[in-house]
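Dear colleague,

I am passing on to you the structure that follows, together with some notes on what came out of it.

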Amino acid sequence: MDKEYVGFAALPNQLHRKSVKKGFDFTLMVAGESGLGKSTLINSLFLTNLYENRQIPEASARLTQTLTIERRGVEIEEGGIKVKLTVVDTPGFGDSVDCSDCWLPVVRFIEEQFEQYLRDESGLNRKNIQDSRVHCCLYFISPFGRGLRPLDVAFLRAVHEKVNIIPVIGKADALMPKETQALKQKIREQLKEEEINIYQFPDSDEDEDLKRQDAEMKESIPFAVVGSCEVVRDGGPRPVRGRHYSCGTVEVENPHHCDFLNLRRMLVQTHLQDLKEVTYDLVYEGYRARCLQSLARPGARDRASRSKLSRQSATEIPLPMLPLADTEKLIREKDEELRRMQEMLEKMQAQTQLSQAQGEQSDAL
Amino acid sequence: MDPLRQSPSPSSSRASSPRTLSCERLGYVGIEAVLDQLKIKAMKMGFEFNIMVVGQSGLGKSTMVNTLFKSKMWRSTMPGLRVPMPQTLQLHSMTHVIEENGVKLKLTVTDTPGFGDQINNDKCWDPILGYINEQYERYLQEEILITRQRHIPDTRVHCCIYFVPPTGHCLRPLDLEFLQRLCRAVNVVPVIARADSLTIEEREAFRHRIQDDLKTHSIEVYPQKCFDEDVSDKILNSKIRERIPFAVVGADREHMVNGRCVLGRKTKWGIIEVENMAHCEFPLLRDLLIRSHLQDLKDITHNVHYENYRIFRLKESHALPRGPGWVNLAPASHGLPASPGPAKVCRWAEDTSDKDF
């Protein structure tokens with residue numbers, strides 16, 4: 001064995017193996033007015049049917065609908081890697097006649113996830129922490145407007161410091177190429193004017209190809225996307241996913257037609273981990289620091305809430321009370337443990353079967 | 001555009017008129033020449049038509065007006081232009097005189113920028129209703145003068161085109177609120193705007209859902225069922241009612257397709273031709289508004305909506321006109337309700353022939 005060869009060059013492989021075993025999880029929020037193609041895009045991005053049996057409420061139901069937050073989870077596996085994807089939807093956003101403060105439930109939801117994680121992290125049993133923090137928010141802008149509308153600006157300003165925002169122009173096949181460029185330009189200017197911080201791509205200075213791709217991607221923000229789960233035959237060599245109109249067919253995966261490929265590459269292939277890291281390092285840490293600072297200063301908290309603080313956690317700093325019941329949390333933790341044990345059992349069974357088969361083979365030989 | 005289609009003469013619909021007997025003609029009298037006289041008169045005076053376009057910004061209202069009347073009435077704004085978003089709803093009208101084959105049309109288009117664009121859109125329909133009632137009031141004031149003008153300038157809104165955004169789902173609460181209030185005051189024609197973002201199946205599904213919504217909320221859009229005069233009208237209008245709301249696309253640029261010059265939108269996957277029925281239903285809208293029902297729109301505005309308003313105002317002033325006396329109307333209160341009342345009056349006004357031309 002070479003004395004100078006220590007062997008930690010294989011560390012990335014170990015990390016890789018461990019991550020594959022653990023699996024990834026990703027929480028994506030989609031927000032925007034109804035009718036901009038959000039559900040179709042999610043289905044197209046991840047090739048799932050999360051929104052299969054969707055009931056579109058009729059107009060009279062819409063009159064009394066308030067904003068709700070819905071969570072849908074799905075496990076996607078590709079090439080041996082498992083991703084547990086959670087999509088947070090906001091039906092009812094921007095639908096009513098008076099949309100003032102309609103973004104408050106969304107902001108509260110995001111902060112609740114942080115609160116939950118803060119409690120878990122500071123608690124005793126940290127083995128099976130459920131991470132439900134929102135890693136990324138895809139905000140859908142209407143292609144029919146002249147840029148960002150007052151509601152868009154209000155929502156973005158309320159959430160831009162709390163989650164990574166990726167602005168997206170939905171139903172982009174309604175626009176001609178020149179209109180798309182003009183609209184993107186207008187939105188970029190408006191974002192700068194209103195000082196809204198959207199997710200910034202890190203500069204990758206690895207190689208020229210990646211640099212070029214990244215630059216291209218940065219230029220095409222906000223992404224103009226078209227979603228479709230239907231396969232159409234446009235007379236080309238192979239069937240493609242797209243939308244069939246009487247004047248032609250829009251291909252979803254054609255970079256000349258829309259930015260779907262860019263968005264998918266960015267979200268899934270290149271920047272998924274970065275989105276999570278930015279959420280942890282910048283956004284969550286900022287929240288945690290603020291929270292703990294305000295707790296450490298006694299004058300900052302009012303007396304009523306301090307008396308209700310729980311003493312279950314062993315840390316000295318009392319944590320903010322959550323509306324979530326403790327029993328629910330315990331149930332979730334137990335479920336997670338059960339799932340892991342089941343997986344281990346299955347693996348062991350598979351192994352014993354394999355060794356049995358091998359044993360038989362060697363017997364036969 | 002049929003200048004000869006006018007409301008039937010008062011005598012045929014009044015129950016109290018003496019029974020007209022049909023008699024045998026003994027020779028050629030020449031009554032048919034009346035039609036020619038009407039035609040010549042109409043050509044000399046020209047026609048007036050006032051429409052209003054309502055909808056959120058970016059739905060292609062200005063482009064649609066340009067496409068309908070095949071002239072650059074409005075400079076359609078691209079999203080890049082620095083057009084400041086109006087903070088409140090404003091209305092502005094533009095009048096143009098367009099001429100075709102010797103027939104002059106004085107067209108007034110009223111635009112409503114800022115509709116539905118704010119965060120809180122409550123009561124955003126009030127300025128629009130106020131404008132419509134103001135035009136009725138203006139006409140009423142002219143009508144009750146002792147010495148009236150021979151031809152009262154008609155600024156009343158004959159048709160309101162409402163642009164529904166192509167969400168593909170159903171009518172939004174804002175659409176419902178607006179349509180409920182306005183259908184009682186003016187003829188409303190809803191259209192699905194920017195329909196090139198919907199496929200044919202999505203279009204049909206959307207249309208059916210909208211029709212169901214309209215029925216559930218008892219919203220009567222133009223052509224209203226209760227104003228069908230006879231069987232042929234009913235048949236014609238039923239066909240139109242099946243296709244309402246029309247899925248339209250507007251364009252004011254021309255492109256070459258198969259050697260022809262057509263108005264359309266050019267995208268990377270094809271050219272959407274505005275006047276091609278396979279691509280969108282713009283020809284249906286144009287035919288309805290201009291070629292077949294223009295006069296009907298004006299008639300219903302004059303005979304029904306304006307009459308409703310007039311009755312309401314007169315009741316408000318507790319006075320009914322007695323003969324040629326001066327009727328001092330109470331000043332119009334600005335708390336006018338959205339509709340003067342559910343009464344749908346199908347009365348034929350007097351002297352329509354003078355007023356229409």
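The contact between the two chains draws on 50 residues from chain B and 49 residues from chain A, and please keep in mind throughout that this is a predicted model. Between them, chain B and chain A bury about 4300 Å², and 59% of that area lies on carbon and sulfur atoms. Across this contact there are eleven residue pairs in polar contact, counting pairs in which both residues have pLDDT 80 or more, and the number of salt bridges between chain B and chain A is two. One of these salt bridges joins B:Arg265 to A:Glu179, with 2.9 Å between the closest N and O atoms. On the side of chain B that touches chain A, the elements that give two or more residues are helix H5 (173-182), helix H6 (200-216), strand S8 (260-267) and strand S9 (270-273) of chain B. Sorted by kind, the residues on that side of chain B are 19 nonpolar, 18 polar and 13 charged.

Turning to chain B as a whole, this chain has ten helices and nine strands, and buried residues make up 52% of its 357 residues. Of the contacts in chain B with a separation of 6 or more, 71% are between residues 24 or more positions apart.

One residue of chain B that I looked at in detail is B:Thr301, which is found in helix H9 (residues 294-316) of chain B. B:Thr301 counts as buried because its relative accessibility is 1%, where the cut-off is under 20%. The side chain of B:Thr301 reaches the backbone oxygen of B:His158 at 3.3 Å, and a polar atom of that side chain lies 2.7 Å from the backbone oxygen of B:Leu297. Leaving aside residues up to four places away in sequence, B:Thr301 touches B:Tyr136, B:Arg156, B:Val157, B:His158, B:Asn187 and B:Tyr306.

In chain A, there is an open sheet of three strands, in the order S7-S8-S9, with antiparallel pairing. Its edge strands are S7 (231-232) and S9 (249-251) of chain A, each of which pairs on one side only. Strand S8 (residues 240-244) of chain A pairs with S9(A) in the antiparallel sense over three bridges, and A:Arg243 stands opposite A:Val250 in S9(A).

Key. Residues numbered from 1 in each chain as written. Chains lettered and ligands numbered in written order. Predicted model: local features only at pLDDT ≥ 70, side-chain atom pairs only at ≥ 80, totals over all residues. Heavy atoms only, no water. Pairing = 2+ DSSP bridges. Helix = DSSP H or I, 4+ residues; strand = E, 2+ residues; numbered from the N terminus. Contact = heavy atoms within 4.5 Å. Buried area = accessible area lost by both parts, 1.4 Å probe. Salt bridge = Lys/Arg side-chain N within 4 Å of Asp/Glu carboxyl O. Polar contact = N/O pair within 3.5 Å; in protein donor to acceptor, adjacent residues only side chain to side chain. Nonpolar A, V, L, I, M, F, W, Y, C, P; charged D, E, K, R; others polar. Buried < 20%, exposed > 50% of the residue type's maximum accessible area, 1.4 Å probe, protein only.
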